[in-house]
Structure formats: C-alpha cells, structure tokens
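Please read them with the structure open beside you.

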Amino acid sequence: MRTRPSPRSRRHRRTSPRSAIRLTSGFLAAAALLVSACSPGNPTAQAGGRVEAALAELPRATPSALAPYYAQRLRWRDCGVPGFQCATMRAPLDYGKPGAGDVRLAVARKKATGKGKPLGSLLVNPGGPGGSAVDYLQQYAGVGYPAQVRARYDMVAMDPRGVARSEPVECLDGRQMDAYTQTDTTPDDARERNALVTADRKFAESCGAHSARLLRHVSTVEAARDMDILRAVLGDRKLNYVGASYGTFLGATYAGLFPGRVGRMVLDGAMDPSLDARRLNLDQTAGFETAFRAFAKDCVRHSDCPLGGKGASPAQVGDHLRAFFRELDAHPIPAGDAHGRKLGEALATTAVIASMYDEGSWAQLRTALASAMKDKDGAGLLALSDSYYERDADGRYSNLMMANAAVNCLDLPPAFTGPEDVEKALPAFEKASPVFGPGLAWATLNCAYWPVRATGEPHRIEAKGAAPIVVVGTVRDPATPYRWARSLAAQLSSARLLTYDGDGHTAYGRGSACIDTAIDTYLLRGTPPPPGKRCS
C-alpha cells in the first residue's frame, strides 16, 4: 500500500515512485464495484469481519529516558534558501531502548512574516511516505500557503526518519533502479512471474544490506513520536499541523498517541488506518479507475485525444489504452533517452497513473499519449514516469521509492505472501479496475520479501479528548478514496469532515475558494467548518 506526496509538492519539485502507488475512489461507478470495508455506521469492520483495537494513547508524562531529547536546543543556521533556517534534531533510534543510539532528523522553518498575534509553529507534511517535508516547505508551503497563514505561523517541516535529509533509507543505485522500474508487472507466463519476484527480492535485499540499522525503526508511530519531540523543542504547547495524503496518517497517529497535545490539525486526502494492506490496495485500485473514467470523459471532448473520438465511453477509452499497453509489452518504443531506455508497458502505465493525481496534468498526458501512439515517440510518457519516480536527467533517483517501501512494509503485514496469493486476487483487482487492476495487484507483492517483519497492524484512531480536527476528502481523489476520509472522520472523536466535490489528489490550495476559506478560517481562528460542509 503506497501513497505519494500531494500534487502541490510535485508541481514544485517535479518528482515521485512505482512503489508509491496508493489510490482513490469516491462514490462514482468504479468505486461502487467494491464492497466498502468500512461504512458510516461501522467504520472499523474489516473484510474478514473483525474489529481492530484503537491506537492507545501514550502516558502524558515524558519518560525520564526521553527527557534529554525533549530538552535539546536546536541550532538554527542558514539553509541556502532565502528566508529559511535549518537545524538538526536528535531522536532515539529505538523508543523502546532510548540509550541504544540516535537518529538525526532534518528540520527547516520560515519565521512568521507579518503582524498580529503569533500562533506558534505550523508543521507541514506532503505525504508519501517518503516525500521530503523540507523540500515541500521551501518550494511550496513556505512561499505558497496563504499570506495570512504565513504571517501568523512559523512554517516548519521535518523530513521523517529514513527520508531525504533524515538518514535516508538506501537500496538500489540509479542503474539498478532503471531496471527495477522497467520490470513487467503484468506477467504473462512463469518466466515473467519469476522475473518480477526476483526483482522484488533484489530490491528488498538491497534495502536490508544498505540500511540495516534504520530499517526496523522507520514506522509511522516512531515518526509521530519524533514530531512530539519537535513540538517541545520549538516551544509549542500543542502541535498545529497540516498533513496531506500519507501525512494524514502521520497526523492522525500523532493525535492518537498525544490527543491532549493536538492544536489545529488539518488532514487533507485522508487515509483509513483501520484497513489492512490488501483492502487498502484494492480500494486504491478502484480509486484510480474512478480517476481514469473522469480523465476518459474529458479526453474525448478534445480533438487531440488519441484514445477515442467524441462520444466514446470510458470503457472504450480504457480498451484502447489497454491495447496500447499490450503493444508496448511486446514492442517497446524509442524515448530519446540518453541512457538507452525505451518506453515499455511498465513505464507507460506509471506515466498514466502519475497523471491521475492532478487533472492539471491531463492535457500533457493527452499530448504524450498521442506522440507515443501515433508517432512511436515515448519521450513524453517517459518524462512523466521519471517525474513520478523522482529520477533526474543524470539517472539519479531520490530515496522516495526506497523510503516509501520501508515505511509501508513496516506499518502493515504484507498484502500478499507470494505470487499464488496475487493470482487468486487478480479477479477482484481486475473488477475494481479493468485498466490498472492486474498491474497494481502485482505491484503490491514487494512487501512479501521485506527483510524485517512488520511492527504495525490495522487499527482505529479515536484520539479521545483532542481538539477539533478537520478531515478533508475529495470525492474523486485517485490516491486516497473519499470513503477513507469518511471513515477516519467517523473514528476520530473530534473530527469535522470537509468534502471537496472535485477531481485530483487532496483539496487545499487546488483552486476551490470554499475549501481554502474553510481551512484558513480554522487555522487562523480555530473555528472548524460546520458539520456536513461540502465544497466544489
């Protein structure tokens, strides 16, 4: 199960991974193909019928062994980015054994810029897991959040443990990553299936070999505990926070562990912590199908749509795309790549999936598909795929994909234990998405070979006693289904659900004045939106 940073961060960084596939739904036709794992009346029922326990609150008193971490003073320095300061924070590698060593975490801030009563710090996280919060702060939130919010808050970010500047998880090198991202995830025979299993094993073993010390300690619970240390060393009594995508799971986890320390918290593009890995991936598969149907309806309205003319149905558009993918599977096409890569089915599928995160990418996707389908030029689709994987022109990858797998495989037991499990589940995934289902099912196999056992389990998060928390859900979000927002809002004791009836991943800052006003009002005044608030 994977998510990615929110579109706002990607627009400014032009970056993310194949391992970062988490999906969307909403209440449209494709999503309705699935029986929801959680309904408004019973938000914690699992596919197997069991009800998971709630995340337990930690003791309110700081354990003496952690006191030195909470008492540390950050030494701020120039970041090399005008207006921003950076520091390094220490946290225990293992909270169960605080004396066993530290992990060093990168922190950045931009001080409040305006008049009026200061509101403290506002911590931001763009998701992933594996997205750099520091990059997000410096390239978007610290300059692009509403001026009135930046005027009253010190804008702050911390790369979670294992991510970017915070002792990053390391696995494959650039050339090996090129091979991995081109691995066929729709195997047609035993040879291709074995090649996929071998690739996943090699990726997992490489992570274990290069990041053995850290790999057992990059869970979301540990990252949330790091956030509480940061809150304390910043001098804030409570944590004010805006998290997008996976950042909602991180924020909700903090609320569950430290409900009395929750300040103003926005969870945009919410995840549902009560679901297991298979259910999460199946829901997301339906979500991408929902997003693709929206894209298909839009595509055929344009004369440059290469997937069908005016009046073509989403199913017909999907058939044309699947036929194109099959062509590429048999005969990859040139892509003008300096490293000799061609565009095959795997990279082309990644390019299309990447474009589902933001409807602003649909025109670019149409152009890239037309070039590939009509002119046999895969350069446009390869560029979209490289952006998704955070691969630069020199063939270097960020660690997003590695950190993404490391966190996900630690947070939940694997969705599948081997290829036989995947094959049994293929009909359900194909039903959820005829276009993406098989590939997304096989892509979920990677955690089966992870070198360390998962430490987390599905659970509810209630955060009893927390201040009001705003949970935001987008009806046709391709990466975090709207039903997840409803479920999380039903679990959190103090949540208010804010609905965006629109497309794309997350809602804040996407152009809806209604959404932005509701969130800004909450951040500045502490007044959450009224129950049932819905925006377009």
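A residue is called buried in these notes when its relative accessible area is under 20%, exposed when that area is over 50%, and partly exposed in between. The model is a predicted one, and each value below should be read with that in mind.

1. The structure holds 16 aromatic pairs, and one of them, formed by Phe 203 and Trp 450, is tilted, with a centre-to-centre distance of 6.3 Å and 40° between the planes. Here too the pair links distant parts of the chain, as Phe 203 is in helix H7 (residues 190-210) and Trp 450 is in the loop between H17 and E10, 247 residues apart. Phe 203 has a relative accessibility of 1% and therefore counts as buried; Trp 450, with a relative accessible area of 9%, is buried as well.

2. The disulfide of Cys 409 and Cys 447. How far apart are the sulfur atoms of Cys 409 and Cys 447? They lie 1.9 Å apart and form a disulfide, and the link is left-handed, with -85° about the S-S bond. Because Cys 409 lies in helix H15 (residues 400-411) and Cys 447 in the loop between helix H17 (437-443) and strand E10 (469-476), the pair ties together parts that are 38 residues apart in sequence. Cys 409 is buried, at a relative accessible area of 3%, and so is Cys 447, at 12%.

3. Other disulfides and the pairing order. A search of the whole structure finds 5 disulfides, and when the bonded cysteines of the chain are numbered in sequence order, the pairing reads 1-2, 3-4, 5-6, 7-8, 9-10. Among the disulfides is the one between Cys 79 and Cys 86, whose sulfur atoms are 1.8 Å apart; the torsion about its S-S bond is about 115°, so this disulfide is right-handed. Cys 79 counts as partly exposed, because its relative accessibility is 21%, whereas Cys 86 is buried with a relative accessible area of 13%. Another disulfide joins Cys 299 to Cys 305, with 2.0 Å from S to S, and a torsion of about 105° makes the disulfide of Cys 299 and Cys 305 right-handed. Both Cys 299 and Cys 305 are buried.

4. Why is strand E7 described as largely enclosed by the rest of the structure? The reason is that 6 of the 7 residues of E7 (residues 262-268) are buried. E7 pairs with E6 in the parallel sense over 5 bridges, and within this pairing Val 242 has Val 266 in E7 as its bridge partner. The chain passes from E6 through helix H9 (residues 246-257) to E7, in a β-α-β crossover that is right-handed. E7 also pairs with E10 in the parallel sense, over 4 bridges, and Leu 267 stands opposite Val 471 in E10.

5. The surroundings of Asn 240. This residue lies in strand E6 (residues 239-244), and Asn 240 is buried, with a relative accessible area of 10%. The side chain of Asn 240 reaches the backbone oxygen of Ser 121 at 3.3 Å. Leaving aside neighbours within four places in sequence, Asn 240 is in contact with Leu 119, Ser 121, Leu 122, Leu 123, Tyr 153, Gly 263 and Arg 264.

6. The position of Gly 127. Gly 127 is placed in the loop between strand E4 (121-125) and helix H4 (133-144), and at 2% relative accessibility Gly 127 counts as buried. The C-alpha atoms of Gly 127 and Thr 248 are separated by 7.6 Å, although the two residues are 121 residues apart along the chain.

Conventions. Residues numbered from 1 in each chain as written. Predicted model: local features only at pLDDT ≥ 70, side-chain atom pairs only at ≥ 80, totals over all residues. Heavy atoms only, no water. Helix = DSSP H or I, 4+ residues; strand = E, 2+ residues; numbered from the N terminus. Buried < 20%, exposed > 50% of the residue type's maximum accessible area, 1.4 Å probe, protein only. Polar contact = N/O pair within 3.5 Å; in protein donor to acceptor, adjacent residues only side chain to side chain. Contact = heavy atoms within 4.5 Å. Disulfide = S-S within 2.5 Å. Pairing = 2+ DSSP bridges. Right-handed = clockwise from strand over helix to strand, strands pointing away. Phe/Tyr/Trp six-rings, centres within 6.5 Å; stacked < 30°, edge-to-face > 60°.
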